[in-house]
Amino acid sequence: MKLTPADIQRQTFSPRFRGFDPDEVRTFLAAVAEEMAGLQREKDHVAQQLGHLELIVNASEDIRETARREAETIVKQADLQGDRLLELAQNRAHEVERGILELRGHRSSLRTDIRAIITRLTRLLDLQEEAEVEDNLRFLKRREEASGQ
C-alpha cells in the first residue's frame, strides 16, 4: 500500500484506554507527512533531472552515431577517391610507357632512314666525283688534242 503525505495527515486512530496523547500523535503524523512530502518533491525533482539527463544521453548517442556514420561515409569516399586516383595514375603511367615505346620505335626508324640517306648521299658524292674526274680527263684530253694540233 502506497501512502501519501495527505494519507498520513488524515489518519485517525481509535481511542483506547491508556492510549497515546492524540495531540502528540497528530503532531508527529504532521511532521512525518511533511518529511514525506519533502522526500516526494525531492524524488520528483530527481526523476525530472534523470529524464533530462536521459534525453541528453540519448541525444549524445544519436550525435555519436551520426558522427560515426558520417566518418564511415567519409572514409569510404576517401577510399574510392584514392582508388580512382591510383587507377588514373596507373593508366597515365601505361600511356607514358606506350609513348616511350613509340618514341623509341620512331628513333630507330629515323636512324635507319638517316643511314639510308647518308648512304645515298655518299653514293651521289662518289658518282659526282667520278663524273668530275671523267670531266677533267676529257677536258685535259681535249686540251692536249687542241695543243697538239
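Helices (H or I, at least four residues) and strands (E, at least two) are DSSP runs, numbered from the N terminus. The model on display is predicted: local features need pLDDT of at least 70, side-chain atom pairs count only at pLDDT 80 or more, and totals for chains, interfaces and linings use all residues. Residues are numbered from 1 along each chain as its sequence is written, and side-chain values use heavy atoms, with hydrogens and water left out.

**The whole chain**

**Helix 1**

Next, select aspartate 7 and arginine 10, which both lie in helix 1 (residues 5-10), three residues apart, about one turn of the helix. A salt bridge is a side-chain nitrogen of Lys or Arg within 4 Å of a carboxyl oxygen of Asp or Glu. Aspartate 7 forms one with arginine 10, and the closest N and O atoms are 3.3 Å apart. To describe accessibility, buried means under 20% relative accessible area, exposed over 50%, and partly exposed in between (1.4 Å probe, protein chains only). Aspartate 7 is partly exposed at 29%, whereas arginine 10 is exposed at 59%.

Now move to arginine 68 in helix 2 and show glutamate 65 and glutamate 72 with it. Side chains of opposite charge can pair when their charged atoms come close. Glutamate 65 and arginine 68 meet in a salt bridge of 2.3 Å, N to O; these two residues are separated by about one helical turn because they are three residues apart in helix 2. Glutamate 72 also forms a salt bridge with arginine 68, the closest N and O atoms being 2.3 Å apart. Glutamate 72 and arginine 68 are four residues apart in helix 2, so about one helical turn separates them. Salt bridges that share partners join Glu65, Arg68, Arg69 and Glu72 into one network. Arginine 68 is partly exposed, at 38% relative accessibility.

**Further along helix 2**

Finally, select leucine 127, found in helix 2 (residues 22-148). Leucine 127 is exposed, with a relative accessible area of 53%. Aspartate 135 also lies in helix 2 and is partly exposed, with a relative accessible area of 39%. Arginine 111, another residue of helix 2, is partly exposed at 44%.
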